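Biologist: Give me a close look at one part of this model, please: the strand pairing. Take your time with it.

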Amino acid sequence: MYVNIYSVYLNGFPPLTGRLRGCAMLEIMDSLTRQAAQRTRELMEERASGTPLVVYGGRFIPSELICAAGANVFPLLGSGELPPADAAQDDMLSYMNPLARAVAGGIKLGVDKITPRADIVVTSVTDIHMGRLSELLEFWGINVCKVGVPPDRQKDIAFGYYLRSLQAMLERVARITGRGPDMEEARRNFADSNRIGAAFRHINELRKRRDPPISFENYMRLQHLSFALGDRQAAGELTALSKALDGASGVYGEGAPRLLLMGHAVASGDYDLVRALDESGAVVSADIIDDGVRVSERDVELSGDLLENFARSRYLDTLPTGNFIPSWEERFRRALQLVEEYELDGVVWYQLAYDEVYDMEYGALARSLAERDIPILQLETSYTRSPEELARAKDKIERFVSSLKRR
């Protein structure tokens, strides 16, 4: 059963399922989900009382500085489910990727009651899909600030454009809150997000074990919950959880094939295929995912110009996303590094339907992996899977995992 914060906010809590039913980990996940839902209610109450609310989308937006300017923040999570993804079909081109369509559909259906009430929605325009989504939100009368993220990050002019776009965004937020960011508060906020990054780095080290103490589904749910909880609360909860996992037993069993999952995004609620991988007898031990996860490779520097430090950490000093130019060769080298470091047996490419740039990257990646005799499986999601489609996908996964066991 998926856990989607918008749905939880409206409808209560679905029963938790999976291989960890009844154990302490699921109790922790249930507690964190309840805390996240409570936070959404508090944000709406505070919005009604006059505290500005900023909804932000993507890894390229500094929520720490927005909070330091006197606003509350909430992530533009989307919803990896059928109804929201289909609901916006009349308003958007059919060939938009399901992540963009799901965000729009959640608003149209009223599943997402937070975004339409925000004082401003800040989007990072990284590709045509997010660009079209931003324009649709504006057409619906939502106050949108678009932050441009140029794909050619190797040019000095590109970084300058992104940095100026962030500065302009903060000026728009300041017009709503009445002040710019308090830099001491911002420093504390970045310290909290750095603690979250450290917790995920520790969890990723634990995923190197032959039998990791956390399933991939629960790892992804933790990623999504970390955004919805807010950095201060998430920092304490995830630090404690990462330490508790040190002594936890494995959840897979020894000898399971080990996988790297790569792709654009795993959305909140899009857990069917993630769970199928967990139940296939394989371990997703490492990932390269561009959206829906924390950027945690290294901390944001807390001295000096915080905005520039953040911009550099997201734009220059980390693994580029798949739509950057150039990026594929660097991402391939990183994949090979993880295959060796985590002793992985194969790669799963998680493809959003109609996401043309990532589809092209898959072709290049598959050829390069084949030259090194590294197996790869492509899974595509449109958030519209019927039971029959899901059964076919599970069969595809099981056949791939069986082939790894025979190697």
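Modeller: Two strands count as paired if DSSP finds at least two bridges between them, and the strands (E, at least two residues) and helices (H or I, at least four) are DSSP runs numbered from the N terminus. This is a predicted model, so local features need pLDDT of at least 70, side-chain atom pairs need 80 or more, and totals for chains, interfaces and linings use all residues. Residues are numbered from 1 along each chain as its sequence is written, and side-chain values use heavy atoms, without hydrogens or water.

Start with β3 (residues 120–125) and β4, which pair in parallel over five bridges. Ser124 has Val147 of β4 as its bridge partner. As for β4 (residues 144–148), four of its five residues are buried, meaning under 20% relative accessible area with a 1.4 Å probe, protein chains only.

Then there's an open, parallel sheet of four strands, ordered β6-β5-β7-β8. β6 (283–291) and β8 (376–381) each have a single partner strand, so one side of each lacks a neighbour in the sheet. β5 (residues 258–265) joins β6 through seven bridges, with Leu259 opposite Val284. Helix α14 (residues 356–371) lies across β5, β6, β7 and β8, at about 165° to β7; angles run from 0 to 180 degrees between N-to-C directions of axes fitted to C-alpha atoms, for helices over the stretch in contact, and contact means heavy atoms within 4.5 Å.

Conventions: Buried < 20%, exposed > 50% of the residue type's maximum accessible area, 1.4 Å probe, protein only.
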